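This briefing goes through selected features of one structure, grouped by topic. Please keep the sequence and the 3D view at hand while reading.

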Amino acid sequence: MLSRVADRIFWMSRHVERAENMARVLGVTSNLVLYGSKETQEQSLLAPLSSTGLADAYFARHRKLDLSTLIRFFALDERNPFSIYSLLKQARENAHEVRWQITSEMWETLNTTWLELRNARPGRVTGAGANDFFEWVKARSHLFRGVTYGTILRSEAYNFSRLGTFLERADNTVRILDTKYYILLPRVEDIGGALDYYQWSALLRSVSSYETYRALYRDQIVPIRVAELLILERRMPRSLAACFEQIVLAMDRIQGQHDHAAKRLAAEISARLTYSDIEEIFETGVHEYVDACLADINELTLRIQRAYLGVV
Amino acid sequence: MRSIAFWYFVDMGVTHYDEMRDAKGALREHYRAFADWLEATPPRRISEKRREADLLFHRVGITFAVYGDQAGAERLIPFDTIPRIIPKAEWDALAKGLTQRVKALNRFLHDIYHTREILKAGAIPADQVLTHPAYQVAMLGLDLPFGVYSNISGIDLVRHNDGKWYVLEDNLRTPSGVSYMIENRRMMMRLFPELFSRQHVHPVDHYPVLLLNTLRSIAPANARDPTVVVHTPGPFNSAYFEHAFLAQQMGIELVEGSDLHVKDGYAYMKTTAGRQRVDVIYRRVDDIFLDPLAFRADSLLGVPGLLSVYRAGRVALANGIGTGVGDDKSIYPYVPDMIRFYLGEEPLLGNVPTWQCRKPKDLAYVLEHLPELVVKEVQGSGGYGMLVGPAASKREIEQFRTRLQAAPADYIAQPTLSLSTCPTFVGKTGVASRHVDLRPFVLSGREVNIVPGGLTRVALKEGSLVVNSSQGGGTKDTWVVD
């Protein structure tokens with residue numbers, strides 16, 4: 001497969017997944033702001049800005065930090081490259097360029113999504129309509145993934161689409177964990193200390209795992225179990241371990257020539273996640289662990305781009 | 001589609017040849033099977049099918065100006081479901097004429113980059129060829145496989161009211177439209193399968209196979225199982241759909257300039273499994289953008305160093321570089337002479353009579369007859385700098401006269417043609433006569449191949465002779481029948 005085509009398919013899938021995760025982050029932020037104290041409210045509002053590195057861009061244009069301005073910034077602002085609008089637009093543009101290498105159903109799904117989003121009025125995404133909008137974004141992402149899985153030939157196009165999806169999902173799960181620690185436990189020594197039930201349950205809901213947690217642990221929500229679920233629990237489809245299982249599967253199928261370094265790193269991360277112990281992670285510090293994961297994911301992306309996508 | 005915009009002839013009370021009925025209104029024999037069907041089919045069913053066709057074309061994505069606006073909305077070229085029918089015997093004569101013409105044009109292109117016999121013989125003024133903007137010095141002395149420069153040629157034909165076919169224009173650079181020929185046929189077979197059991201319509205669906213064979217036939221000799229690619233300027237190009245369609249139908253890669261590079265004297269493409277050698281490039285990128293080292297330095301569509309690989313015979317390009325000399329309006333009047341010069345034959349297909357204003361005698365005639373003539377700029381593309389005499393006001397004619405006298409060599413003139421008409425659906429259920437042309441595609445490599453048919457364009461506005469797709473032009477399926 002042409003490197004350029006693989007690149008577009010990889011990023012098409014990443015952008016859709018990222019848009020879904022942005023909707024999840026905004027959903028959890030809305031909940032946190034509703035329940036939180038004045039001080040934690042501001043921290044909650046700042047969290048999406050710091051994890052995307054867009055605080056400066058935001059404050060260059062907005063003096064006030066409030067929920068509806070923040071949501072507009074991350075939902076429909078065309079000047080924000082991480083807005084749902086920009087992400088789905090890029091996904092559609094990538095798909096357009098390779099629409100003969102993907103199925104017509106995949107193209108139609110992304111095109112329709114884009115056409116509907118383009119006509120969305122700002123009023124739709126804030127206030128009472130906000131949750132509906134986030135649910136719509138998630139549903140379109142589910143649809144796209146399902147359509148892809150159900151229609152595309154099992155060849156390199158499929159492999160790079162899966163790779164993009166799960167690498168992005170791993171990245172986002174890490175960021176959500178990172179954000180949560182950022183809010184609650186600004187100092188490393190506080191880890192495992194006091195916690196707010198609402199905040200943890202909001203976080204679990206943002207990764208569709210509230211019920212999963214209940215089913216697996218039948219316990220009150222404690223940080224160490226939440227971390228275990230999001231990092232190590234292979235049966236939870238948004239956990240790091242589950243994502244890396246899929247990443248390794250996809251990379252095993254890709255026929256490369258100079259991809260040893262990329263494949264080795266993916267396998268290493270996957271092995272580490274398989275044999276890690278959550279108590280050990282808590283002893284060394286979850287924040288440090290999460291930071292290391294983020295660095296690994298970035299390095300893996302670079303190696304994938306060098307090995308397959310024609311980036312020198 | 002470089003040339004479609006030349007269609008400004010005026011429809012002024014002249015008689016037209018109708019493809020379906022003769023001058024007395026009687027049905028032509030080759031339309032009988034279709035006309036019987038049309039009469040027996042309820043108009044409602046046909047209008048339903050027409051709506052279905054629109055939907056299907058949208059779904060398949062057969063659109064043009066694909067990206068045009070940021071709206072993501074794409075435009076369809078209107079498709080008319082009444083076919084344009086040509087009897088096999090007439091087609092065979094056309095095909096012979098087309099083969100003859102394209103052979104002579106290829107001989108001409110070879111000649112002007114080699115010994116220039118035709119210029120020495122004085123059959124064409126040397127300055128007209130050698131100073132032509134499309135003449136590529138880079139091609140001098142280069143031998144191409146089978147001496148073929150234009151592997152894919154689109155020849156635009158019209159039928160005048162004398163019932164005869166005339167060549168309106170040759171397209172030897174990157175002619176487009178063949179995807180519509182194929183898709184229109186598929187659509188007709190899907191909508192009205194019963195029509196195809198009533199009479200034998202010669203197939204066109206194998207065009208991509210013939211095209212791939214043609215491209216493989218020109219591969220460098222040492223490429224055993226040649227890798228062929230389609231090279232597109234990218235998704236913003238108005239013919240991108242066709243580039244992608246042809247690549248898919250041939251089962252080969254659709255590449256952009258950035259996918260290709262030159263290393264150690266060969267051309268390669270970047271793939272996820274490393275670099276892969278490329279032997280034949282069906283390029284839909286213009287000459288001047290092909291190689292920034294040799295032509296336009298600011299081209300981002302091309303491949304640096306490609307020309308040197310081409311000249312070394314290690315990659316084949318289709319079409320060859322520098323074919324534009326053969327297809328523009330200043331050279332067009334000489335094509336009949338080329339046929340006589342190279343092949344020793346009389347032309348089977350006529351040209352539209354053309355006055356070359358560079359010749360004093362012709363200029364005098366043109367200046368005297370401006371209100372009756374169509375005057376075109378030689379290098380112009382797209383209908384700028386053109387006078388349609390019968391439609392112009394006195395003032396426009398006088399303004400044009402001044403421009404013409406200032407630079408007569410820049411212009412040619414032709415009589416106003418009367419294009420033939422073909423019944424076409426108008427409104428919800430009506431049928432009316434609309435003007436049509438025809439672009440068959442000639443494939444030249446080891447051998448010459450023409451699929452029986454081509455792209456019929458139709459001017460959908462009443463009386464209009466503009467079949468340009470951006471100005472209310474549509475397309476029809478073209479049938480060659482026994």
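This is a predicted model: local features need pLDDT of at least 70, side-chain atom pairs count only at pLDDT 80 or more; totals for chains, interfaces and linings use all residues.

How far apart do the C-alpha centres of domain 1 of chain A and domain 2 of chain A lie? The centres of these two domains are separated by 20 Å.

**Domains of chain A**

- Chain A is split into domain 1, residues 1-152, and domain 2, residues 155-312.
- Domain 1 of chain A gives 31 residues to the contact between the two, and domain 2 of chain A gives 28 residues.
- On the side of domain 1 that touches domain 2, at least two residues each come from helix H1 (3-35), helix H2 (38-52) and helix H8 (130-151) of chain A.
- H1(A) has the largest share of that side of domain 1, with 19 residues.
- By class, the side of domain 1 of chain A that touches domain 2 of chain A holds 12 nonpolar, 12 polar and seven charged residues.

**Contact between chains A and B**

- Chain B puts 18 residues into the contact and chain A puts in 20 residues.
- On the side of chain B that touches chain A, two or more residues are given by each of helix H9 (240-250), strand S5 (253-255) and S7 of chain B.
- Seven nonpolar, seven polar and four charged residues make up the side of chain B that touches chain A.

**The S6-S7-S8 sheet of chain B**

- S6, S7 and S8 of chain B form an open, antiparallel sheet of three strands, in the order S6-S7-S8.
- Strand S6 (260-263) and strand S8 (274-277) of chain B are the edge strands, each pairing on one side only.
- From one strand to the next, the twist averages 45°.
- S6(B) and strand S7 (residues 266-271) of chain B run antiparallel and are joined by four bridges.
- B:Val262 has B:Ala267 in S7(B) as its bridge partner.
- The loop between S6 and S7 of chain B contains B:Asp264, a residue other than glycine whose phi is positive, near 50°.
- B:Asp264 counts as exposed because it has 7 C-beta neighbours inside 10 Å, and the cut-off for exposed is 12 or fewer.

**Buried strands of chain B**

- Strand S1 (residues 79-87) of chain B has eight of its nine residues buried, so it is largely enclosed by the rest of the structure.
- S1(B) runs parallel to strand S21 (residues 473-481) of chain B, with six bridges joining them.
- One bridge partner pair here is B:Ile85 with B:Trp479 in S21(B).
- Strand S16 (residues 421-426) of chain B is mostly covered, with five of its six residues buried.
- S16(B) is joined by six bridges to strand S17 (residues 430-439) of chain B, and the two run antiparallel.
- B:Cys422 is the bridge partner of B:Arg434 in S17(B).

**Backbone features in other loops of chain B**

- Most residues other than glycine have a negative phi, and most peptide bonds are trans.
- B:Arg116, which is not glycine, has a positive phi near 60°.
- B:Arg116 sits in the loop between helix H3 (88-112) and helix H4 (117-120) of chain B.
- With 14 other C-beta atoms within 10 Å, B:Arg116 is partly exposed.
- A cis peptide bond, with omega near -5°, runs from B:Ala318 to B:Asn319.
- B:Asn319 belongs to the loop between strand S10 (316-318) and helix H11 (335-343) of chain B.

Key. Residues are numbered from 1 along each chain as its sequence is written. Chains are lettered from A and ligands numbered from 1 in the order in which they are written. A residue is buried if 20 or more other C-beta atoms lie within 10 Å of its own, exposed if 12 or fewer, and partly exposed in between; C-beta atoms are placed from the backbone. Two strands pair if DSSP finds at least two bridges between them. Axes are lines fitted to C-alpha atoms, for helices over the stretch in contact, and angles run from 0 to 180 degrees between N-to-C directions. Two residues are in contact if their C-beta atoms, placed from the backbone, lie within 7 Å. Ala, Val, Leu, Ile, Met, Phe, Trp, Tyr, Cys and Pro count as nonpolar, Asp, Glu, Lys and Arg as charged, and the others, Gly among them, as polar. Domain bounds come from an automatic or database domain assignment.
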